[in-house]
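This briefing goes through one structure by topic, beginning with a single pairing of side chains and then widening to the fold as a whole. Please keep the sequence and the model in view while reading.

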Amino acid sequence: MSDAPITFGSDLSVPKASSQASMIDPFGRAVTYLRVSVTDRCDFRCVYCMAEDMTFLPKREVLSLEELDRLCTAFIEKGVRKLRLTGGEPLVRKNIMSLIRSLGRHLDSGVLDELTITTNGSQLGRLAGELYDCGVRRINVSVDTLDHDKFKAITRWGDLAKVLGGIKAAKDAGLKVKINAVALKGVNEHEIVPMMEWAHGNGHDLTLIETMPLGEIDENRTDQYLPLSLVRGRLAEKFTLEDIPYKTGGPARYVEVKETGGRLGFITPMTHNFCESCNRVRVTCTGQLYMCLGQDDMADLRAPLRASEGNELLYDAIDEAIGRKPKGHDFVIDRRTKQPAVSRHMSVTGG
Ligand code: SAM
Ligand code: SF4
């Protein structure tokens, strides 16, 4: 893997090819949203995401920043309008800002509507201003609790004060911050109201996420799983939740909370399947294209990417893969299902 910075202004334009048709899957869904995991590594070890002792991909298997740029650009040529960099922790990859800056050219030319990231916030203190400068306008930051000790217990290696400082830096830089929190039974279950009040009080949307059975972790997922239908029911006893059509291109369904004036999103892969409106695919840092977060089927894009300088082979591989995008996922969490639904961790395909 090369982490050599991309020299801005280098010619990374993609030659036009005949197979640049937009991506429509067998169920008529247009794929317009790409999430790219730029690294599987991370400076945290969240209990629901990773085991403490993780084996990461060998660096030689990981795409270089230039290859990632070429791959993202090919997807943009094929109709992607929204691009999210994730991981692992995207901001810990060496020279990642050179990739973000380079991809920003697609915002300038108008072929891309949004370039964004999902981050744990640990590096925002130093990078928020530069992100804004590269054209990023909205980011997702994951915060599961506002209690410093609990934060340490959940993330194992994280420091809440640093993350909160990073969120403030992002806001000051002009970035719109959405807070993502995984709902964890018995952990942050009774903190959701104060978290919502904190987020809305600071002008951030809050999105709650159900834990998904991805990868072996050190704990039992049944013990962590908190259905958001239950959380919503409890919140509705205290707050007026009004369904709103607000969409950010992702799977969250939003309500407006009358009392706080803020937006609250629910990502409910377990209790409410959202696959019918799925518009996205995911690429790992080794160039594997996953057509569904909840299925093992994937297509290798690294080989066609490296096989020639032109993009014909790559476009063909993408078309072939989109042609088998499945209808939906098979997630189940119950006491009888001991194995995770898919064996790879969330940090491989990214959130
Ligand atoms: N490191 C960055 C972060 O934490 O925001 C980006 C990658 S992380 C894998 C993306 C999102 O996935 C985070 O919001 C995290 O909380 C969530 N996540 C990780 N494992 C999950 C799981 N098993 N179920 C549901 N969400 C998960
Ligand atoms: Fe790292 Fe994000 Fe996974 Fe936490 S959720 S271990 S911050 S990749």
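The side chains of Arg 156 and Glu 52 form a salt bridge with an N to O distance of 4.0 Å, where a salt bridge is a side-chain nitrogen of Lys or Arg within 4 Å of a carboxyl oxygen of Asp or Glu. This pair links distant parts of the chain, 104 residues apart, with Arg 156 in the loop between helix H5 (148-155) and helix H6 (160-173) and Glu 52 in the loop between strand S1 (33-37) and H1; helices (H or I, at least four residues) and strands (E, at least two) are DSSP runs, numbered from the N terminus.

This is a predicted model, in which local features need pLDDT of at least 70 and side-chain atom pairs count only at pLDDT 80 or more, while totals for chains, interfaces and linings use all residues. Residues are numbered from 1 along each chain as its sequence is written, chains are lettered from A and ligands numbered from 1 in the order in which they are written, and side-chain values use heavy atoms, with hydrogens and water left out.

**Overall make-up**

- The chain contains 12 helices and 12 strands, and of its 351 residues 57% count as buried, where buried means under 20% relative accessible area, exposed over 50%, and partly exposed in between (1.4 Å probe, protein chains only).
- The accessible surface of the chain comes to about 14400 Å², of which carbon and sulfur atoms hold 51%; accessible areas come from the Shrake-Rupley method with a 1.4 Å probe, and for residues only the protein chains shown count as cover.
- Among contacts in the chain with a separation of 6 or more, 75% are between residues 24 or more positions apart, a contact being heavy atoms within 4.5 Å.

**Nonpolar core**

- The largest nonpolar core has 96 residues, and those with the most contacts inside it are Phe 75, Leu 83 and Ile 100; such a core is a set of buried Ala, Val, Leu, Ile, Met, Phe, Trp, Tyr and Cys residues joined through side-chain atoms within 4.5 Å.
- Helix H1 (residues 65-77) gives the most to this core, contributing 7 residues.
- Not counting residues up to four places away in sequence, Leu 83 touches Leu 34, Val 36, Cys 72, Ile 76, Leu 103, Leu 112, Glu 114, Leu 115 and Thr 116.

**Salt bridges**

- Side chains of opposite charge can pair when their charged atoms come close, and a search of the whole structure finds 20 salt bridges.
- In the pair described above, Arg 156 is buried at 16% relative accessible area, whereas Glu 52 is partly exposed at 43%.
- Lys 150 and Glu 191 meet through their side chains in a salt bridge of 3.5 Å, N to O. Lys 150 lies in helix H5 and Glu 191 in the loop between strand S5 (176-183) and helix H7 (192-201), so the pair ties together parts that are 41 residues apart in sequence.
- Of these two partners, Lys 150 is partly exposed with a relative accessible area of 28%, while Glu 191 is buried at 11%.
- A salt bridge of 3.6 Å, N to O, joins the side chains of Lys 258 and Glu 242. Lys 258 sits in the loop between strand S8 (253-257) and strand S9 (262-267), and Glu 242 in strand S7 (residues 241-244), 16 residues apart.
- Salt bridges that share partners also join Lys 82, Glu 114 and Arg 138 into one network.

**Surroundings of ligand 2**

- Ligand 2 is surrounded by Cys 42, Phe 44, Arg 45, Cys 46, Cys 49, Met 50, Gly 88 and Asn 120, a residue being near a molecule if one of its heavy atoms lies within 4 Å of it.
- By class this shell has 5 nonpolar, 2 polar and 1 charged residues, with Ala, Val, Leu, Ile, Met, Phe, Trp, Tyr, Cys and Pro counted as nonpolar, Asp, Glu, Lys and Arg as charged, and the others, Gly among them, as polar.

- Arg 156 has a positive phi of about 65° although it is not a glycine.
- Asn 95, in the loop between S2 and H2, has a phi near 60°, a positive value in a residue other than glycine.
- Val 92 is found in the loop between strand S2 (82-86) and helix H2 (96-103), and, leaving aside neighbours within four places in sequence, Val 92 is in contact with Arg 41, Cys 42, Asp 43 and Gln 123.
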